[in-house]
Amino acid sequence: MTLAFTSLLTLALASAPALAAASCESLASLNLPQATITSAQPVAAGAFTLPVTGRGRGPGNLYKDLPAFCRVMATLKPTNDSDIKIEVWLPSADWNHKYQAVGNGGWAGVISYSELADALRGGYATSSTDTGHVGGSGSFALGHPEKLIDFGWRSEHEMTVKSKAIIQAFYGDAPRLSYWNGCSTGGRQGLKEAQKFPADYDGIIAGAPANRTALALWVASAEHKEPGSYIPPEKYPAIHQAAIAACDANDGVKDGLIQDPAKCKFDPKTIECKGADSPSCLTAPQVEAARKIYSNATNPRTGQTLFPSLARGSEMGWAVLGAPEPSPIILDQYKYVVYKDPAWDWRTFDFDKDVARSDEPEYVVMNATDPNLTQFFAHHGKLLLYHGWADPNISPFSTIQYYKSVLDTMGGAAKNTDSIRLFLEPGMGHCGGGEGPNQFDKVSAMETWVEKGSAPDQMIASHSTAGKVDRTRPLCPYPQTAKYKGSGSIDDAANFVCK
């Protein structure tokens, strides 16, 4: 057989419609350990409608362009107190012979339908889980330690194992490659998979990993512990514009973005009110509150650094964590998981003695901070981390910290550059949005990395206004940043290079 004929045959097989080894409906009788298939129904092209509950709502019918697929719903019960719901979507034709699991946000409690739809459009068999409970509160964890473990890591792994079995049954073939794609809670879930179940995935995309810290309490205490410290949201634009003005040109280009907030030295005192209070200035107590929000959390007695705080450029979203109360996601962590008291008052939190308690393993079973990725890297697993510099929910410095800890543990940057890369997005908020370029094709970058051995040296990101792209910019692997070549439009990625 000639090489040319072999290549043509391989191409023909790869592009051929998937031939199901079982009908969609017959999957309802599939016998899986500690699992029950509750529904297995074909969905015609464009016919999917979003259930009452689920992540993925928006204006119009966002799902009318979906191809035909087999929709499988199952309940997993790895423990007596488990009640994990999953959905597995299987393309009826043109399956790419790959599997992509998608992550969650916050406390989860819903299936991520919009993410499932994106994966399906790409030809993937895909799945999502509600992580073992219903609703976006952490109250489910009170008195249910097994459900907390389900949320922390077990639901994702069980979903992965069962999804692969369902894929095998439907197509008569296992997925050739498996990918994880998630941000926030989904980013944390991806890291947990790499650390705890390194064989589950060949490539993991982990954005803004939401490991639990007391950051929201730190921000709230900065604004509410002392009289007059509260910074009302109408002052955010003034602080933000002052930070931009102070640091925008540090990279040689005035583009309304802080390219590297780690090098930005903006001091809020520069906009302290000289006379009467107004939305364009900060009072002296507000100056100190802003300084604290930018500063790493520290133990007030020992001065020990506890965890990183927010970057300069994040000001427009400060209400997420600290105004007028701390983020409910983090409040629930302390009410229902750490203190096991729904009436717990966050103002009693002591950054001297209480941080150690809240970091005990039984309370942070969800956290994914283990830097030892030996087994994941050993089977050529690839980890693509990303984080928006303007993220007001989770500190980008935490992701940098984790990335550096992996390199330190695994033998340095040169040894691991083909296994892990971190991309930081100037002006991007939490998992997207913001003033900077915030749309980029992470999945294609990961596919090229895993399937062709070409690690991403850059990703082109775009920013749009009213649906029209008005800026593109390369995203560079940390610690590189995008440098202007010196000529051409600053809104065109072609005029920048990663250095």
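Me: Which residue does a disulfide join to Cys-24?
Reply: Cys-70, with an S to S distance of 2.1 Å. A disulfide here is a pair of cysteine sulfur atoms within 2.5 Å. This is a predicted model: local features need pLDDT of at least 70, side-chain atom pairs count only at pLDDT 80 or more, and totals for chains, interfaces and linings use all residues. Residues are numbered from 1 along each chain as its sequence is written, and side-chain values use heavy atoms, with hydrogens and water left out.

Me: Where do Cys-24 and Cys-70 sit?
Reply: Cys-24 is in the loop between helix 1 (3-15) and strand 1, and Cys-70 is in strand 2 (residues 69-76), 46 residues apart. Helices (H or I, at least four residues) and strands (E, at least two) are DSSP runs, numbered from the N terminus.

Me: Buried or exposed, those two?
Reply: Both Cys-24 and Cys-70 are buried. Buried means under 20% relative accessible area, exposed over 50%, partly exposed in between (1.4 Å probe, protein chains only).

Me: How many disulfides are there in the whole structure?
Reply: Five. Counting bonded cysteines along the chain, the pattern is 1-2, 3-8, 4-5, 6-7, 9-10.

Me: What about Cys-476, which partner does it have?
Reply: Cys-498, with the sulfur atoms 2.1 Å apart. The link is left-handed, with -80° about the S-S bond. Cys-476 lies in the loop between strand 13 (468-475) and strand 14 (482-484) and Cys-498 in strand 15 (residues 496-498), so the pair ties together parts 22 residues apart in sequence.

Me: Changing topic, what is the strand order in the open sheet?
Reply: Nine strands, in the order 1-2-3-5-4-6-7-10-11, with mixed pairing. Strand 1 (35-43) and strand 11 (420-425) are the edges, each pairing on one side only. Two strands pair if DSSP finds at least two bridges between them.

Me: And strands 6 and 7, parallel or antiparallel?
Reply: Parallel: five bridges join strand 6 (residues 177-183) to strand 7 (residues 203-207). One of the bridge pairs is Trp-180 with Ile-204 in strand 7.

Me: Which strands does helix 4 touch?
Reply: Helix 4 (residues 185-196) packs on the sheet and touches strand 6, strand 7 and strand 10 (382-388). Contact means heavy atoms within 4.5 Å.

Me: Last one, how much of the chain counts as buried?
Reply: 54% of the 499 residues.

Technical notes:
Axes are lines fitted to C-alpha atoms, for helices over the stretch in contact, and angles run from 0 to 180 degrees between N-to-C directions.
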